[in-house]
Amino acid sequence: MAEAYPRSDSGSVSTSDNDEDWLTKPADEDEDDEQEVVSVVSLLDDKTFADALPMLAYCKESFGFDFLGVRDRLGLDFHGCVRLINFVRRSVKEDVALPAEITASHLDDDKLLIPVLEDDALIFCLDELPEPEPESGLEKGRDALTPAQAQTQAQTQAGNGEGPLVDELLQKNAQLQAELEQLAKQFTNYRLAVEQTLDKRWGVDEGSEKGASSSQKNQEEKKEEKKKDDSAYYFESYASNDIHETMLKDTVRTEAYRDFIYSNKHLFAGKTVLDIGCGTGILSMFCAKAGAAKVLAVDNSAILDKARANVFHNGLDSIITCIRGRIEDVALPVDSVDIIVSEWMGYCLLYEAMLPSVFFARDRYLKPDGLLVPSHASMWIAPVSDADYVAENIGFWRDVYGFDMRAMQEGLHTDVRMTVMPAHAVCGEPTAFRMLDLHTAKAEDLAFEDKWQTTLSDTAEDVLDGFLVWFDCFFAESRNEAVEATLTAKQWAAAAAATGRERVAFTTGPFGTETHWRQGLFLIDKEKAKEVEVALGKKLMGEIRYAIPEDHARGLNIKVTWGVEGGDKQSQTWLLH
């Protein structure tokens, strides 16, 4: 993957006490809600400025692009300036050189009224830019007057008998007032257009919006802002090196991709490959080395700048093109691709919701016989019993140097704990509750409720403490290759080896090498639930449900229902936010 989303603690994701620093979300700095800091992004790179004029001066000095000069030369009004801004930003985004001279024909496309940069501060600063330079000294003197000044001067000149000049100034005054009103109206209309465009992007139903009460509208607006904040943090967290270093050092993860790509060079030779969430560019470079003719590396994080440098320093810039933006928003320079490679997996497989982006790209760009890498993913659940773990992480708070600190237990039974559990903690047969064939799965398949059942095993412990969830990944060489839902990654690879074939797969579960994904531990709140004794041969069954919280589109609510065969069922919901 995707080195494109943070596998770090955020919200209510819990981790063990020995988690690495990369799993700890930095504390938010205090913010002054009453002060809004304007950040105007450069038209030609990622540099930001506190005001529009310094940014435009920077573009003129550093790149030779004179925005105000083009505006004045073409006589652009407010909408024309918006078109010009989006034309330049789209050209930069698509890595297309600007014309030597921008003409009106370049700005004809009405799609240029849709903002390329979300909440583009430059657009909202257009009314603060200096007016176009007048053509003559006389006109300059007149145009420099405000409407009120023009009227005053006209009255004075009327007293001096300057009739024609009075009429001209009054006419100019009326013209200026009309232009000012029109500009204000255009600016208001454009603000509304921007808001509607963003609403559509975030899935707001315009019909229900119109009929909603003001309080409902406010609630919906807050929800939309929350979604934007979640996505902003999602991409911003990938700008630093730490998360990428952790993922690259996860040899189970990185070597699986490398081994599959290098062992199947015949699949990649001469092909066009799309890498979604390219991060540092490692998967793109694997593909280029395997003989791909073209690799499109897409990421919406600032890490893309380093990926571009990595590609250049390794002499692969003639093959790999780095593109900044969400895959849903960017315009690829090709109509279709042969292979999509992406490392999109999150905690408990679906945390951070990157898979829908892969599905979007698959449906939009992948050829009918194209390949997804990886191709399949299975999800597993198993009962766990580990008295030592419970004592160290739960019971610990009941006696801290002689003090009862049970208040610190808050969230320990409601949040999913991302940790690595020892194999001996698993007290029943693991159950595969869902298999995703990525060539055919849909976004609606990612919210579900599946049944599971297990037979408890003999163990030194005698009480069920919770459940463990993990996933396996499979790399099929053809989209027609099936993977049985009940096979583990180890069994699938071993079955191929027995016939002389070499398959690539890996597990994130407790019976394999530790990965940075760890496992999701769901601790039962024993103050609310009935205890279940663990005994050899006892049947345990239930359901597991994945749901997406309304207030956090990249999070998960996971509900597990369990009960002994023939007995009553009980349930609990854990949060992965």
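This is a short walk through the structure above, from its overall make-up to a few of its contacts.

The model is predicted, so local features are taken only where pLDDT is at least 70 and side-chain atom pairs only at pLDDT 80 or more, while totals for chains, interfaces and linings use all residues. Residues are numbered from 1 along each chain as its sequence is written, and side-chain values use heavy atoms, with hydrogens and water left out.

Let us start with the whole chain. There are 17 helices and 18 strands; helices (H or I, at least four residues) and strands (E, at least two) are DSSP runs, numbered from the N terminus. The chain has 577 residues, and 46% of them count as buried. Here buried means under 20% relative accessible area, exposed means over 50%, and partly exposed lies in between, with a 1.4 Å probe and protein chains only. Among the contacts with a separation of 6 or more, 74% are between residues 24 or more positions apart; a contact means heavy atoms within 4.5 Å.

Now follow the chain to Ala-50, in the loop between strand S3 (48-49) and helix H1 (52-63). Ala-50 has a relative accessibility of 67% and therefore counts as exposed. Its C-alpha atom is 6.1 Å from that of Val-40, ten residues away along the chain.

Axes are lines fitted to C-alpha atoms, for helices over the stretch in contact, and angles run from 0 to 180 degrees between N-to-C directions. On the H2 side, Phe-67, Val-70 and Arg-71 make the contact, and on the H3 side Cys-81, Leu-84 and Ile-85. These residues divide into five nonpolar, no polar and one charged. In this sorting, Ala, Val, Leu, Ile, Met, Phe, Trp, Tyr, Cys and Pro are nonpolar, Asp, Glu, Lys and Arg are charged, and the others, Gly among them, are polar.

Another helix pair is H11 (residues 251-263) with H13 (residues 282-289), whose axes come within 9 Å and cross at roughly 20 degrees. H11 and H13 are therefore roughly parallel to each other. From H11, Thr-254, Tyr-257, Arg-258, Ile-261 and Tyr-262 meet Leu-283, Phe-286, Cys-287 and Lys-289 of H13. The contact of H11 with H13 has six nonpolar residues, one polar and two charged.

Finally, look at the aromatic rings, which form 19 pairs in the whole structure. Rings of Phe, Tyr and Trp (its six-membered ring) pair if their centres lie within 6.5 Å; planes under 30 degrees apart count as stacked, over 60 as edge-to-face and the rest as tilted. Phe-433 and Phe-448 have ring centres 6.3 Å apart and planes at 35 degrees, so this pair is tilted. Because Phe-433 lies in strand S11 (residues 431-437) and Phe-448 in strand S12 (residues 448-455), the pair ties together parts 15 residues apart in sequence. Phe-433 is buried, with a relative accessible area of 7%, and Phe-448 is buried at 8%. Phe-471 and Trp-517 make an edge-to-face pair, 5.4 Å centre to centre with 75 degrees between the planes. Both Phe-471 and Trp-517 are buried. They also belong to one aromatic cluster with Tyr-257, Phe-260, Phe-268, Phe-475 and Phe-506.

Notes: Parallel < 35°, antiparallel > 145°, perpendicular 65-115°, else oblique.
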